[in-house]
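Please take a moment to look over the sequence and the model before reading on. The report is meant to be read with both in view.

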Amino acid sequence: MSVDIVFEDSRWEEAGFEALAEAAVRAALSHLGVDEDAEIAILACDDLRISELNSEFRSKGQPTNVLSWPSDERAAETPGERPDAPEPDFPDAPLELGDIAIAYDTCAREAADQGKDFSTHVTHLLVHGTLHLLGYDHIHEKDATLMEGLEVVILGKMGISNPY
């Protein structure tokens with residue numbers, strides 16, 4: 001597994017983001033039996049940068065906590081069904097899952113507002129973003145139920161209680 005992190009905001013480095021990211025991604029991929037050669041890129045940024053990305057890609061000009069860009073369309077055809085497991089494009093090639101961006105300011109504000117530990121909240125959002133890269137979503141109620149259930153199980157295995 002390879003997690004390539006670009007730090008645009010030094011507060012992430014001070015918060016021990018690299019270890020959080022590797023643990024969250026590994027837990028999600030391991031739980032779903034995804035190939036150990038999987039690669040994910042993460043942009044650790046601030047609210048200004050994620051606002052720009054949110055505007056560009058989702059036409060929403062405000063900050064959000066996490067965004068994800070799967071390298072491939074992996075969603076299940078029927079709401080509530082699990083997506084197919086991703087496979088590399090070529091034999092012996094790494095499995096490129098996609099990119100995640102996460103905003104320090106929004107994550108810190110949400111954690112404080114919800115009375116949650118910052119590291120725990122960030123871990124949850126990284127598991128959430130990783131599931132998006134694997135084709136999970138929460139647009140339809142059945143998909144949301146499936147995705148949230150997986151998050152609870154994965155986080156539980158990490159010793160983190162239900163974030164919902």
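This is a predicted model: local features need pLDDT of at least 70, side-chain atom pairs count only at pLDDT 80 or more; totals for chains, interfaces and linings use all residues.

Residues are numbered from 1 along each chain as its sequence is written, and side-chain values use heavy atoms, with hydrogens and water left out.

## The chain as a whole

The chain contains six helices and four strands, where helices (H or I, at least four residues) and strands (E, at least two) are DSSP runs numbered from the N terminus. Followed along the sequence, these elements come in the pattern β-α-α-β-α-β-β-α-α-α.

The chain has a radius of gyration of 15 Å, which agrees with the value near 15 Å that a compact globule of 164 residues would have; the radius is taken over C-alpha atoms, and the globule rule is 2.2 Å times the number of residues to the power 0.38. Along the principal axes, the C-alpha atoms fill a box of roughly 40 × 35 × 30 Å.

Of the 164 residues, 43% are buried, a word that here means under 20% relative accessible area, with exposed meaning over 50% and partly exposed lying in between (1.4 Å probe, protein chains only). The accessible surface of the chain comes to about 8600 Å², and 45% of this surface belongs to carbon and sulfur atoms; such areas come from the Shrake-Rupley method with a 1.4 Å probe, and for residues only the protein chains shown count as cover.

Among the contacts in the chain with a separation of 6 or more, 69% are between residues 24 or more positions apart, where contact means heavy atoms within 4.5 Å.

## Charges and salt bridges

The structure holds five salt bridges, each being a side-chain nitrogen of Lys or Arg within 4 Å of a carboxyl oxygen of Asp or Glu.

| Pair | N to O distance |
|---|---|
| Glu8 and Arg49 | 3.3 Å |
| Arg11 and Asp105 | 2.8 Å |
| Asp47 and Arg109 | 3.3 Å |

The salt bridge between Glu8 and Arg49 links distant parts of the chain, since Glu8 is in the loop between β1 (2-7) and α1 (10-14), Arg49 is in helix α3 (residues 47-58), and the two are 41 residues apart. Glu8 is partly exposed at a relative accessible area of 44%, and Arg49 is partly exposed at 28%. Glu8 and Arg49 also belong, together with Glu52, to a network of salt bridges.

In the salt bridge between Arg11 and Asp105, Arg11 lies in helix α1 and Asp105 in helix α4 (residues 104-114), so the pair ties together parts that are 94 residues apart in sequence. Arg11 is partly exposed, with 29% relative accessibility, and Asp105 is partly exposed with 23%.

The salt bridge between Asp47 and Arg109 links helix α3, which holds Asp47, to helix α4, which holds Arg109, across 62 residues. Asp47 counts as buried at 13% relative accessibility, whereas Arg109 is partly exposed at 40%.

Thr106 is found in helix α4 and is buried, with 5% relative accessibility. Apart from neighbours within four places in sequence, Thr106 is in contact with Asp47, Pro63, Thr64 and Asn65.

Asp143 sits in helix α6 (residues 141-157). Asp143 is buried yet has no salt bridge, and the nearest side chain of opposite charge, that of Lys142, is 8.8 Å away. Leaving out residues up to four places away in sequence, Asp143 touches Thr78, Pro79, Gly80, Glu81, Asp137 and His138.

Pro88 is placed in the loop between β3 (66-70) and β4 (95-103) and is partly exposed, with a relative accessible area of 31%. Although Pro88 and Asp37 are 51 residues apart along the chain, their C-alpha atoms are separated by 9.1 Å. Not counting residues up to four places away in sequence, Pro88 touches Ala93, Pro94 and Leu95.

Terms used:
Lys and Arg count as positive and Asp and Glu as negative; His and the chain ends are not counted.
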